Amino acid sequence: MFILPGYIIREKLLDSDMIEIYKGTTVGSKMPVLIKKLKEEASSPTNISRLVHEWEITRNIELEGILKPIKLEKLMDSYVIITKDIGAVSLSHYIKDRIIDIDSFLDIAVQLSETLSKLHNRGIIHGDIRTENILIQPDTNKVQIMNFHRAVLFPPKINNQTAMPEGIGDYGNDYYSLGTMLYEILNKTNTSKVCDSEVPETLWFVIMKMISHNPDERYQSAYGLIYDLKKCNYQWSHMGRIEPFQLGQADTFLHFQLPKEFYGREKEIDLLKDAFERVCNGEGELLLVSGYPGVGKTMLINRVLKPIAIKRGYFAYGKFDEVHKNIPYAPFVTAIGSILKMIMTESKEELILWRKKIFKALGSSGAIITELIPEVELLIGPQPPIEALNPKEAQNRFLMAFSNFIKIFAEKEHPLVLFLDDLQWADLSSLKLISHLCNDTGLNYVLLVGAYRNNEVSEEHPLSSTIKEIADEGVCVENIALSSFNKKETIEFIEGALCCSKESASLISDKLYRETYCIPLFLGQLLISLYENNILIFNAENSSWELKEESIRGIQIPDGIAELMFEKLENLNEETRD
């Protein structure tokens with residue numbers, strides 16, 4: 001125990017890795033309080049500042065669902081936070097010796113989800129949701145979130161319309177942690193089999209959606225999660241069972257999103273997957289994806305090839321830039337640099353092996369690569385200067401060194417996908433390097449992917465000449481030409497975006513099909529623009545977005561994607577626009 005003037009300390013309520021919480025009363029009024037203090041061994045300046053940070057964050061929040069502090073008191077060289085004691089216990093202690101029934105579980109889940117949503121609307125991310133940081137009143141099932149010392153402040157969400165992003169320190173992380181906690185409680189309930197029936201399957205599906213490994217498969221809004229939990233709660237309390245229903249449908253209520261599915265690209269997806277399988281067998285090739293700007297070349301590669309390449313090998317991405325196209329080899333530097341950053345996270349033993357591979361591949365030419373790609377020096381250290389040669393010999397030496405360097409990333413155990421975007425802006429030096437790589441490496445275990453705008457590449461363009469030279473040398477060159485949506489694909493895209501019937505999508509597509517040339521990027525950006533201008537309205541009764549017929553007739557379509565983006569810029573405030 002410890003002494004705090006003005007308070008009587010009675011018993012310890014919670015003991016965690018960093019903090020202790022004690023029950024007590026004030027000396028005068030004998031009001032029951034909770035006293036939160038740092039453990040003696042945890043009283044570092046950093047942790048003391050975290051405690052003060054918690055006080056600053058929570059003292060002005062009026063929410064029933066959080067444990068609000070009353071005072072910040074000095075205690076020797078540290079501080080303690082005083083809160084009112086409402087007779088609650090930690091959820092970790094509460095569930096230790098009892099099973100929570102389905103009614104109580106749903107009640108707790110809804111409360112916590114709503115409280116997190118309200119916190120997020122205020123720009124507060126808790127960052128440490130677990131049973132030890134939840135208080136529950138045994139008589140009422142009222143729960144409160146406490147321990148905000150790891151909380152992070154973000155810009156507030158507007159009308160709960162921001163999607164829940166994924167990653168450390170963001171809104172989505174709180175819901176993922178909540179899902180993990182609820183899963184543990186539900187799993188314990190299901191294992192005990194003390195309830196009248198097992199946990200309903202649909203409720204399991206809700207929790208599993210919260211903690212899906214794929215962020216895109218999780219709930220995309222707080223509203224979507226709360227809606228499904230309340231639907232489960234209503235069915236359970238009124239019918240004693242939970243009927244199957246489509247989860248996450250309410251995510252569309254407050255946040256318009258373009259569909260993540262591909263439309264009209266089934267053949268191209270199969271071609272990409274087949275090409276990668278051939279590469280895994282050592283049969284590399286040059287794969288070219290062409291099409292008009294906005295047809296989805298980059299998206300197709302990133303959505304299809306990138307995940308399978310990362311799973312079985314390496315995926316490197318570089319993009320040629322129209323403004324900086326006179327900088328030779330820039331996309332190669334970016335691409336290989338990204339692989340090296342991944343390698344640097346491997347074990348010490350693995351790094352030693354990589355160092356040996358690089359020395360063996362480069363020999364005395366190490367400085368050629370370290371000057372171009374600085375990350376290499378982190379692995380092999382500074383390299384001795386190279387002999388000066390005439391321009392022609394120096395270029396040949398560079399091409400050979402780079403080709404040998406690339407080969408170490410492309411092996412049977414880890415094939416390499418090297419994706420170079422916007423080849424129509426490639427400089428002559430980079431085109432020569434591409435040609436050399438294709439011929440010298442034989443593209444063994446390498447899938448070299450290039451995307452370009454075919455409307456900007458004539459027969460006289462240097463890229464056309466390079467492709468012809470590579471093919472004439474006997475290298476396998478695969479071509480995928482992406483086109484705009486046809487009428488059927490346009491209807492399917494709109495149907496997926498608006499969650500509406502095929503009939504409604506067909507009506508809307510009649511207008512958009514003619515005006516957008518059915519370029520997927522233009523079509524998608526136009527739908528977003530209609531949403532932002534309140535022309536797209538959500539119909540809760542039909543669970544779909546819709547345009548009134550009179551609105552469709554009055555839509556003024558910008559003349560091309562450039563004009564549409566210009567209109568978007570016009571709507572920004574002056575500072576942001578500058």
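Predicted model: local features only at pLDDT ≥ 70, side-chain atom pairs only at ≥ 80, totals over all residues.
Side chains of opposite charge can pair when their charged atoms come close. Lys12 counts as partly exposed because its relative accessibility is 36%, which lies between the 20% limit for buried and the 50% limit for exposed residues. Asp15 is likewise partly exposed, with a relative accessible area of 44%.

A second pair is formed by Arg312 and Glu277, whose closest N and O atoms are 2.7 Å apart.

## Another bridge and a network

Glu456 and Arg453 also meet through their side chains in a salt bridge of 3.1 Å, N to O. Glu456 is partly exposed, with a relative accessible area of 34%, while Arg453 has 22% relative accessibility and counts as partly exposed too. Elsewhere, salt bridges that share partners connect Lys12, Asp15, Glu20, Lys37 and Lys39 in one network. In total, the structure holds 25 salt bridges.

Which residues have the most contacts inside the largest nonpolar core? They are Phe402, Phe405 and Phe409, in a core that has 53 residues. Setting aside neighbours within four places in sequence, Phe405 is in contact with Ile336, Ile358, Leu362, Ile369, Ile373 and Val376. A second, separate core has 47 residues, including Tyr94, Val143, Leu203 and Ile242.

## Helix α15 and its surroundings

Helix α15 covers residues 428–441, and its 14 residues reach 20 Å from the first C-alpha to the last, close to the 20 Å expected at 1.5 Å a residue. At the start of α15, a side-chain oxygen of Asp427 comes to within 3.2 Å of the backbone nitrogen of Ser429. After the helix comes Gly442, which has a positive phi, near 70°.

The buried residues of α15 are Ser430, Leu431, Leu433, Ile434, Ser435, Leu437, Cys438 and Thr441. An α-helix has 3.6 residues a turn, so residues three or four places apart point the same way. Among the elements that cover the buried residues of α15 are the helices α10 (330–343), α14 (391–407) and α16 (462–472), together with the strands β11 (285–291), β13 (416–421) and β14 (446–452).

Terms used. Residues numbered from 1 in each chain as written. Heavy atoms only, no water. Core = buried A, V, L, I, M, F, W, Y, C linked by side-chain atoms within 4.5 Å. Buried < 20%, exposed > 50% of the residue type's maximum accessible area, 1.4 Å probe, protein only. Contact = heavy atoms within 4.5 Å. Helix = DSSP H or I, 4+ residues; strand = E, 2+ residues; numbered from the N terminus. Expected span 1.5 Å × (residues − 1). Polar contact = N/O pair within 3.5 Å; in protein donor to acceptor, adjacent residues only side chain to side chain. Salt bridge = Lys/Arg side-chain N within 4 Å of Asp/Glu carboxyl O.
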